[in-house]
Amino acid sequence: MAGRDPADSYGFVNPPIVRGSTVVYPSTEDFLARKARYTYGTQGNPTIDALVAAANTIEGGAGTVVTPSGLLACTLPFLAHLSAGDHVLVTDSVYRPTRHFCETMLKRMGIETSYFDPGLGADIESLFKPNTKAVWTEAPGSQTFEMQDIPAIVAAAHARDILVMMDNTWATPLFFDSHRFGVDISVQAGTKYYAGHSDVLIGTVSARTPELYAQLRASWEQLGIIIAPEDAFLTLRGMRTMAIRLKEQMPAGIAMAQWLAARPEVARVLHPALPDDPGHAIWKRDFTGASSLFAIELAPVSMDAVAAMLDGLTLFGMGASWGGYESLVLPFDCRAYRTATKPGFKGPTIRIHIGLEDLEDLKADLDAGFARLRATT
Ligand SMILES: *Cc1c(COP(=O)(O)O)cnc(C)c1O
């Protein structure tokens with residue numbers, strides 16, 4: 001029901017797509033007092049607010065803003081809540097463009113970033129400095145899927161009035177209730193499972209308290225961040241089926257991870273829902289489900305063999321992003337840019353997203369890929 005009110009939409013189930021910059025006022029008095037439900041296009045409009053309402057409802061936040069990309073949803077909290085001279089701790093497993101932002105624009109603004117081992121948990125305390133203002137978490141981590149002990153990090157950070165921010169895109173609020181675990185700022189790349197069809201770029205940022213929301217919203221307004229109403233509409237449409245898509249994609253992802261774990265060509269599967277994953281205990285304790293994105297480490301083999309395997313796949317596309325209805329693969333190598341930890345991969349690593357295709361068809365596609373891999377040296 002969130003984000004729609006048929007009584008406000010001429011009876012139609014969904015909100016209309018409202019386009020507009022100017023809002024006209026009936027009188028001078030009203031204009032001078034800005035007496036209107038909407039004052040100008042950059043302050044939001046009914047379509048955007050419908051998405052805000054839906055996103056805030058599923059986050060259980062005090063308030064939410066929406067952004068034109070997931071990346072801007074990641075960078076906005078740094079801009080909104082940090083100032084020159086502050087220090088921020090960022091997980092070494094962070095989404096790489098967020099790291100790039102910290103190393104470029106944030107640095108230029110006089111904010112210092114240091115990276116921490118995602119496995120630290122309560123020991124994060126040893127890295128706090130007098131000027132530490134925030135900890136940026138992401139669980140499981142991008143590419144490498146390390147879990148983080150969010151309750152332990154929240155307890156340590158809040159004892160020192162340090163904010164905890166989280167990129168919760170992997171689990172979505174359906175599978176990790178970040179605000180309930182004390183996360184102050186919760187970020188979603190809505191491009192992924194919210195929109196769900198690889199046809200929209202969008203992000204959401206929700207705040208745990210009204211004070212944090214006021215600060216976040218003020219920065220959102222100051223920067224003039226606004227999204228196209230069509231994108232708000234498409235994201236809302238995607239959100240209506242997100243739970244049912246994930247209900248299909250979660251077991252498909254786990255089944256595929258298990259199938260891959262049993263393959264001789266695979267050295268290791270990185271998926272916190274698998275019982276022998278190092279992050280499994282935390283995942284099981286704090287999360288109520290898993291999405292369908294994970295990674296594998298192959299037994300050592302040439303990149304030519306990896307290319308032979310991946311290039312011939314017919315159902316899996318190769319490309320960034322994920323969370324749509326289609327399956328994807330991509331090779332990655334995180335060793336070059338990580339600084340606090342050095343993942344000890346011996347073979348090539350591949351990220352896999354399982355979409356809504358038939359699981360047996362997907363297995364057959366990968367099975368043929370493994371045959372090409374074995375035939376290439
Ligand atoms: C994709 C992604 C983002 C960024 O989203 P875009 O909409 O592509 O900018 C942020 N965080 C994570 C974990 C992501 O996977």
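Proline 140 lies in the loop between strand 4 (132-138) and helix 5 (150-158). Helices (H or I, at least four residues) and strands (E, at least two) are DSSP runs, numbered from the N terminus. The structure is a predicted model, so local features need pLDDT of at least 70 and side-chain atom pairs count only at pLDDT 80 or more, while totals for chains, interfaces and linings use all residues. Residues are numbered from 1 along each chain as its sequence is written, and side-chain values use heavy atoms, with hydrogens and water left out.

The peptide bond between alanine 139 and proline 140 is cis, with omega at about -10°. Most peptide bonds are trans, and most residues other than glycine have a negative phi. Two serines have a positive phi. For serine 198, phi is near 55°. Serine 198 sits in the loop between strand 6 and strand 7. Its relative accessible area is 46%, so serine 198 is partly exposed. Here buried means under 20% relative accessible area, exposed means over 50%, and partly exposed lies in between (1.4 Å probe, protein chains only). For serine 321, phi is near 70°. Serine 321 belongs to the loop between strand 10 (317-318) and strand 11 (328-332). With a relative accessible area of 29%, serine 321 is also partly exposed.

Threonine 169 lies in the loop between strand 5 and helix 6 (172-175). At 5% relative accessibility, threonine 169 is buried. Contact means heavy atoms within 4.5 Å. Neighbours within four places in sequence aside, threonine 169 is in contact with Val187, Gln188, Ala189, Lys192, Tyr193 and Trp322.

Helix 7 (residues 210-223) has 14 residues. From its first C-alpha to its last, helix 7 reaches 20 Å, close to the 20 Å expected at 1.5 Å a residue. The expected span is 1.5 Å times one less than the number of residues. Leu212, Leu216, Ser219 and Trp220 are buried in helix 7. These residues cover an arc of only 105° around the axis, so they lie on the same side of helix 7. The arc is that of the directions from the helix axis to the C-beta atoms. The buried residues pack against strand 1 (63-67), helix 3 (70-81), strand 5 (163-167), strand 6 (185-189) and strand 7 (203-207). The face turned away from the buried side carries the exposed residues Pro210, Glu211 and Gln222. Glycine 224 follows helix 7, and its phi is positive, near 70°.

Aromatic rings were examined next. Rings of Phe, Tyr and Trp (its six-membered ring) pair if their centres lie within 6.5 Å; planes under 30 degrees apart count as stacked, over 60 as edge-to-face and the rest as tilted. A search of the whole structure finds 8 aromatic pairs. One of them joins tyrosine 25 and phenylalanine 31 edge-to-face, at 5.1 Å centre to centre and 85° between the planes. Tyrosine 25 is buried, with a relative accessible area of 17%. Phenylalanine 31 is partly exposed, at 39%. Tryptophan 259 and phenylalanine 370 form a tilted pair, with 6.4 Å centre to centre and 45° between the planes. This pair links distant parts of the chain, 111 residues apart: tryptophan 259 is in helix 9 (residues 242-261) and phenylalanine 370 in helix 12 (residues 359-375). Tryptophan 259 is partly exposed, with a relative accessible area of 22%. Phenylalanine 370 is buried, at 0% relative accessibility. Ring pairs also link Trp170, Phe176, Phe181 and Phe287 into a cluster.

Lysine 363 lies in helix 12. Its relative accessible area is 16%, so lysine 363 is buried. Not counting residues up to four places away in sequence, lysine 363 touches Met256 and Trp259.

The protein is divided into domain 1 (6-240) and domain 2 (242-376). These bounds come from an automatic or database domain assignment. The C-alpha centres of the domains lie 28 Å apart. Their contact takes 38 residues from domain 1 and 41 residues from domain 2.
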